[in-house]
Every structure is written in C-alpha cells, then in structure tokens.
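Please walk through this structure one region at a time, with the coordinates open alongside the text.

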Amino acid sequence: MKKYLIDLTLTSVEWLTDRHVLMKLTHDEALPEALPGQFVEVRIDNEPSTFLRRPISINNIDRARNELWLLVAAIGNGTRRLTKLKAGEKVNCLFPLGNTFKVQEGSLLVGGGVGMAPMFFLGKVMVEQGLVPSFLLGARTASDVLLLDEFRKLGLVYVTTEDGSMGEKGFVTNHSILKEKSFGSIATCGPKPMMMAVARYAKAHGIACEASLENMMACGLGACLCCVEKTVKGNLCVCKDGPVFNIDELLWQI
C-alpha cells in the first residue's frame, strides 16, 4: 500500500481523561486509504528532547468528514507536546504504515488503554461489511474506558476494570463472556501482559488470535531496527512486518 507524507490540519483536540486525547485531523484532499491495524508516524515539532517520530494507531477514518482520528496517551515529552496543539495547527504524518487485522465474522476484539484505538477501527470496518463486532475492553478504572459511547454504536461491548468501578472486576481474561459465548477468532491490542494473557486463553481454547504489538517504532519503515521482535520466522521488524501478528508466530511464553 502506498505511503504518504502529509501535513494534516487539526480539527479538534478532545481530552478524554487527564492523559488520553482524541485528535481529529483533516486535509484539503481526500485522505489516503487505510486499514485496521495500520498506524501513523507523527513528527513532533518544537520539542528539543524528541528527535524521532511517534507511532500512533489509526483510531478511525471518517470518510464523511474526511477526518483521521488518533487516540494519544500523553506519557512522554513527545506525546505531551503533541497534545498541546490546538485546532487549526498542522501535524506532519507518514501513513498508512504496517499490516492489518483480518476482518472475520464472529470475532472478539479485545483492547486495553490506547490499544482500544485499532479495535474501534476494526469494529467499524466489520460493521461496514455487515458483521456485528463484540468488544471486550479492559481498564484500571471506569474513567480509563475510552470512547465507550462510540463503541456501543458499533456492537456489543463488555467491560472489565481492575477496581470494579465499571463492568466486571478483574482482567479481560476473567470476564464471564468468555465462558458464556464462543468466538471464532480474537484480535487484541494493548499492554503486553494483557495481550499475552489473551493469547494464552486463545491458545488454550484453539481460537485463532492476532495481536498488534506496541514495540518502539521510530521510523515505521524497517530501517532503524529498534522495533525488532523475535518470532518463529526469525527477527522481524514490527513496523514493517507487523504490527499485527498471528500469536503462533510469536515466541511469547504462552
């Protein structure tokens, strides 16, 4: 898929929590095609400590409004600087990068933290293809469950929080839906321990599972080698050969 280097214009910056921001960007021309699982490398300007681009999953492509949505966690100097931008400012983006999730009927989409972002995009594409997605969202507390109303517009939503403030208390792999319903496949993105737990569950129950890895990805093109992951095929660059991998390819302790 062709890659584009474009200055996009911010249309809105919405703080969802004290550290999660939904940024919507547009362009004078139609945005490039992109698929669930792909990501953007964003240039961070006016931040002396940040030299490399930051990889951010594509949260949504809104064709009606010609908008690209990025869900950003302000956790470092680069992302904190990015979230200080205002509507009307420009953001230099290289995209779409990486490979994609398979769109399959009967899939359970499991997201945690900003890993909820590609799950939303995948669910939206499923709906566009006449499928009904099921989402399992995990967070530490209720305020960390992001874009809940938007998810509910797309399909069935199940929630776990570690403190029990929303949904069922515990981790995503503890949710009762996993005992009550069978799924043909699982797609997941979020903190590595969560994805490893999901992978163990999928493996134990013979369910095909894809995981979107969140290794540090500075270039997005497989040149800098900082995102290498050991796999059954050898060392692969997550930014170029991923970020989406079938769990059978990964050398996780599952």
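A pocket here is an open set of grid points, spaced at 1 Å over the protein atoms alone, with protein on both sides within 12 Å along at least five of seven lines; a residue lines the pocket if it has an atom within 4 Å of a point. The model is predicted, and the values below are computed from it.

The largest pocket has a volume of about 1100 Å³. Its lining is made up of 48 residues, and I75, V114, G115, P191 and E214 are those nearest its centre. At least two lining residues come from each of β4, β5, α1 (77-82), β8 (134-139) and α5 (192-204). Strand β4 gives the largest share, 4 residues.

How many residues of strand β5 (residues 67-73) are buried? The strand is mostly covered, with 7 of its 7 residues buried. In a regular strand the side chains alternate between the two faces of the sheet. In β5, E67, W69, L71 and A73 point one way, while L68, L70 and V72 point the other way, and all are buried.

E41 is buried but has no salt bridge, and R53, the nearest side chain of opposite charge, is 6.1 Å away. Leaving aside residues up to four places away in sequence, E41 touches R53, R54, P55, N92, C93, L94, L97, M217, A218, C219 and G220.

A further part of the model is an open sheet of 7 strands, ordered β10-β9-β8-β7-β11-β12-β15 with mixed pairing. At its edges stand β10 (168-169) and β15 (244-246), each with a single partner strand, so one side of each has no neighbour in the sheet. Strand β12 (residues 208-212) runs antiparallel to β15 and is joined to it by 3 bridges. Within that pairing, E210 has N246 in β15 as its bridge partner.

Technical notes. Residues numbered from 1 in each chain as written. Predicted model: local features only at pLDDT ≥ 70, side-chain atom pairs only at ≥ 80, totals over all residues. Heavy atoms only, no water. Buried < 20%, exposed > 50% of the residue type's maximum accessible area, 1.4 Å probe, protein only. Lys, Arg positive; Asp, Glu negative; His and termini not counted. Salt bridge = Lys/Arg side-chain N within 4 Å of Asp/Glu carboxyl O. Contact = heavy atoms within 4.5 Å. 1 Å grid on protein atoms, 1.4 Å probe; cavity = no way out; pocket = protein on both sides within 12 Å on 5 of 7 lines; lining within 4 Å. Points joined across faces, edges and corners; volume = space filled by probe spheres on them. Pairing = 2+ DSSP bridges.
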